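Colleague: I have a model open and have not looked at it before. Can we go through it together?

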Amino acid sequence: MPATYLDTYYSRTLSKTAVYPSARGSMAADVCIVGGGFAGLTVALELARAGRSVILLEANRVAWGASGRNGGFVSAGYATSLSAIEGMVGKEQAKELFRLSLEGVEIIRRNIAELGLADAVPVPGIIKAVRYDPGDALRVSRDRLEREFGLRQRHLAGDEIGDLLRSPKYRQGLLDEGAFHFHPLNYARGLAEEAVRLGAAIYEGSPVVSADFDGPRKRVKTDHAEIEAEHVVFATGGYTGSVMPALRRSYLPIATYVLLTEEAPDVVQTAMRTSAAVLDDRRAGDYYRLVDGGKRILWGGRITTRTTDPRDIASLLEREMKTTYPQLAGLKTEIAWSGLMSYARHLMPQIGQFKPGVWYCTAFGGHGTNTTAIGGRVIAEGITGESDRFRLFSPFGLPWNGGPFGKAAVQLTYWSYQAADLLREFRSR
């Protein structure tokens, strides 16, 4: 039997409860997808729409991992900056990649609208909030993105951001009204439902134990099934196992944490007077938003290379929340949880072809929702021959993650970001 969902805000408000069977026996398809998160489901849906036969294998439940536990933010961009991407691939290719990220936002928006996924509860607006005085830097960034990509954002000066976010911490912000936040688990299950309606087969509780990539037909095995397919797609994120060693060696599993407050609309309104979500600009920052019509706060933040839940998740996040908004001092946490994201050392998604017929679509940590959508689409286009846009990600590849030294470096880097954030904030007082 597939595992149950972790107890989170999303699993408590799940509207679609269908359980898909476990894979059994010998089966064949054009494409076998390993992993039932956003990326794998997007590949499945895009291929089902193109008339390809698809089998998707999920070790637990659809969107059981990070896809069903994240903050629910949908906006353009990647985990690393546009200037950093330009440094890696040049300005023109960086522009193409940023345009793809804009397309990812629209893929999700269009799926919600066309599939009638009201239970995904999309709410417009994401504020990028800054705790120091950036001078004209935010305006310059805003103007460039509008000039080059048509991305429109509204600058929030001190008084205006103070009216929306009643915190002594924030100095300026950018409001992207074209971005939105939503219920990721209901969205993911809506993708699964539509893919199945179009003929895809989804199997839960079906972890892959081995795979044979030799020959024109690949073979993927679970404990009780064998699937033969022309193409295999690995979309396993932070839960990638040893079946594809090159992929496992190339990413770092990073845990992030989220809490949900008790229902207290009057208290919540003393802090946030906007339905827009908030993304703290710090590299070691927070992300949060109102849910349940403004009755509760869903607050995320912190990262660690520890892959088990610390006992003090709630207290760590509560401290961040109440330091930012002292008026929330008496607000209680109802539930807290964590999930594993996958990061590559270059902080870009890993999207491409490992060898003929073997594809990967992973490493979406830090800016996952829109990038999973474009990853799923370009991999599907590569399989059908519609385009080779997946090659835009070729320069990033599958570099070694550094093993235990990589994990240590990530944790030390995060702590250094925290220290730098605090110093910058202190200097702006």
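Colleague: Leaving aside neighbours within four places in sequence, which residues is Arg152 in contact with?

Modeller: Arg152 is in contact with Glu146 and Asp176, where contact means heavy atoms within 4.5 Å. This is a predicted model, in which local features need pLDDT of at least 70 and side-chain atom pairs count only at pLDDT 80 or more, while totals for chains, interfaces and linings use all residues. Residues are numbered from 1 along each chain as its sequence is written, and side-chain values use heavy atoms, with hydrogens and water left out.

Colleague: Where is Arg152, and is it buried or exposed?

Modeller: Arg152 is in the loop between helix 5 (137–149) and strand 5. Helices (H or I, at least four residues) and strands (E, at least two) are DSSP runs, numbered from the N terminus. Arg152 counts as exposed because its relative accessible area is 62%; buried means under 20%, exposed over 50% and partly exposed in between, with a 1.4 Å probe and protein chains only. Between the C-alpha atoms of Arg152 and Leu174 there are 9.7 Å, and the two are 22 residues apart along the chain.

Colleague: What about His155, buried or exposed?

Modeller: His155 counts as buried, because its relative accessibility is 11%. It is part of strand 5 (residues 154–156).

Colleague: Which side chain does the side chain of His155 make a polar contact with?

Modeller: That of Gln172, at 2.7 Å. A polar contact is a pair of N or O atoms within 3.5 Å; within protein, one must be able to donate a hydrogen and the other to accept it, and residues adjacent in sequence count only if both atoms are side-chain atoms. Beyond four places in sequence, the contacts of His155 include Leu138, Arg139, Gly173 and Leu174.

Colleague: How confident is the predictor overall?

Modeller: The mean pLDDT is 90, and 90% of the residues reach 70 or more; pLDDT is the predictor's confidence in each residue, from 0 to 100. Over residues 409–417 pLDDT stays under 50, and the model has eleven contacts for them beyond four places in sequence.

Colleague: And the overall make-up, how many helices and strands?

Modeller: There are twelve helices and 17 strands. Of the 429 residues, 57% count as buried. Among contacts with a separation of 6 or more, 76% are between residues 24 or more positions apart.

Colleague: Change of topic. How many cavities of 30 Å³ or more does the structure hold?

Modeller: It holds two. On a 1 Å grid over the protein atoms alone, a cavity is a set of points where a 1.4 Å probe fits but cannot get out, and lining residues have an atom within 4 Å of a point. Grid points are joined across faces, edges and corners, and a volume is the space filled by probe spheres set on the points. The largest cavity has about 60 Å³ of space. Its lining has 13 residues, of which Ala79, Leu347, Ala363, Phe364 and Gly365 are the closest to its centre.

Colleague: What lines the second largest cavity?

Modeller: Its lining includes Tyr5, Trp64, Arg69, Leu185 and Ala63. The space in that cavity is about 40 Å³.

Colleague: What is the phi of Ala63?

Modeller: Ala63 has a positive phi of about 60°, although it is not a glycine. It sits in the loop between strand 2 (54–57) and strand 3 (73–74), and counts as buried because its relative accessibility is 1%. Val121 also has a positive phi, of about 50°, and is not a glycine. With 46% relative accessibility, Val121 counts as partly exposed.

Colleague: One more. Where is Gln327?

Modeller: Gln327 is in the loop between helix 10 (313–324) and strand 15 (333–343). Its side chain reaches the backbone oxygen of Arg166 at 2.8 Å. Gln327 and Arg166 are 161 residues apart in sequence, with 9.0 Å from C-alpha to C-alpha. Gln327 counts as partly exposed, because its relative accessibility is 31%.

Colleague: And Thr369, buried or exposed?

Modeller: Thr369 counts as buried, at 6% relative accessibility. It is in helix 11 (residues 368–384). Leaving aside neighbours within four places in sequence, its contacts include Phe38, Asn70, Ile108 and Phe182.

How values were computed
On a 1 Å grid over the protein atoms alone, a cavity is a set of points where a 1.4 Å probe fits but cannot get out, and a pocket is an open set with protein on both sides within 12 Å along at least five of seven lines; lining residues have an atom within 4 Å of a point.
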